[in-house]
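The sequence and structure come first.

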Amino acid sequence: NSISSMNKSLIYITNLRSVNLNGNMLREFSMQEIYGLMKLRLLDLSHNHIEKLTGRLENVSDIPTKTLLYQLLLGNNLLRSLDGALAGLGNLRRLILSNNLLENIFAEDFEKMEELEILDLSNNRLKSLEAFSKVSFFPLTYLYDIF
C-alpha cells in the first residue's frame, strides 16, 4: 500500500487485536491513533518512513487505561529520537526499534514500561545505553545487539 496518513481511521474499530501497517509511506505516527483500542495487542509500523512519533499523553499514568498494547514493531524507519512518545506503555512486552537512525535514548522514553521483555535496538547510531542505568525496573529478557 501507500498509506501516508492515519487521520484517526482506526479509532472506531474497537475490536482490533492486530494492525499491520508494514511497508507503507507513513512519515509520522501519533500514539493517539491507538489510545482507546483496548483489544489491540500488536501494532506493526515497520518498513515505513516514520521520522517522528507524536501523541504523548502528558499524564503518563493515564496510558494503561487507554491501551493494552503488547507488541510494537517500529523497525526499518527513520526515527532519530523517541521524544517520550512511547512512555507509559506499561503493558508493552516487545519493542522493536532496529534499523532506525536513533542517536540517543533517554530514561523518559521507557517510563512505566515495567513489562518490557524484548527490546531490539540493533542497527542504530547509539553510542551509549546510559539511559538504562536510570531505569531501575527494567526486567528485559533480551536486549539485542546495539553496536
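The sections below go from the whole chain to single residues.

## Basis

This is a predicted model, in which local features need pLDDT of at least 70 and side-chain atom pairs count only at pLDDT 80 or more, while totals for chains, interfaces and linings use all residues. Residues are numbered from 1 along each chain as its sequence is written, and side-chain values use heavy atoms, without hydrogens and water.

## Chain

The protein chain has eight strands and zero helices; helices (H or I, at least four residues) and strands (E, at least two) are DSSP runs, numbered from the N terminus. Of its 147 residues, 46% are buried, where buried means under 20% relative accessible area, exposed over 50% and partly exposed in between (1.4 Å probe, protein chains only).

Contact means heavy atoms within 4.5 Å. Among contacts between residues at least 6 apart in sequence, 54% join residues at least 24 apart.

## Core

The largest nonpolar core contains 38 residues, and Leu72, Leu86 and Leu95 have the most contacts inside it. Such a core is a set of buried Ala, Val, Leu, Ile, Met, Phe, Trp, Tyr and Cys residues joined through side-chain atoms within 4.5 Å. Not counting residues up to four places away in sequence, Leu95 touches Leu72, Leu86, Phe110, Met113, Leu116, Ile118, Leu119 and Asp120.

Leu43 belongs to strand 3 (residues 42–44) and counts as buried because its relative accessibility is 0%. Beyond its neighbours within four places in sequence, Leu43 contacts Val19, Phe29, Ile34, Leu69, Gln71, Leu72 and Leu73.

## Largest pocket

The largest pocket holds about 170 Å³ of space. On a 1 Å grid over the protein atoms alone, a pocket is an open set of points where a 1.4 Å probe fits, with protein on both sides within 12 Å along at least five of seven lines; lining residues have an atom within 4 Å of a point. Grid points are joined across faces, edges and corners, and the volume is the space filled by probe spheres set on the points.

Of the 13 lining residues, Asn104, Ile105, Phe106, Glu130 and Ala131 are the closest to the pocket centre.

## Positive phi in loops

His47, not a glycine, has a positive phi of about 55°. His47 lies in the loop between strand 3 and strand 4 (52–54) and counts as partly exposed, because its relative accessibility is 41%.

Lys112 also has a positive phi, near 70°. Its loop runs between strand 6 (94–96) and strand 7 (118–120), and at 37% relative accessibility Lys112 counts as partly exposed.
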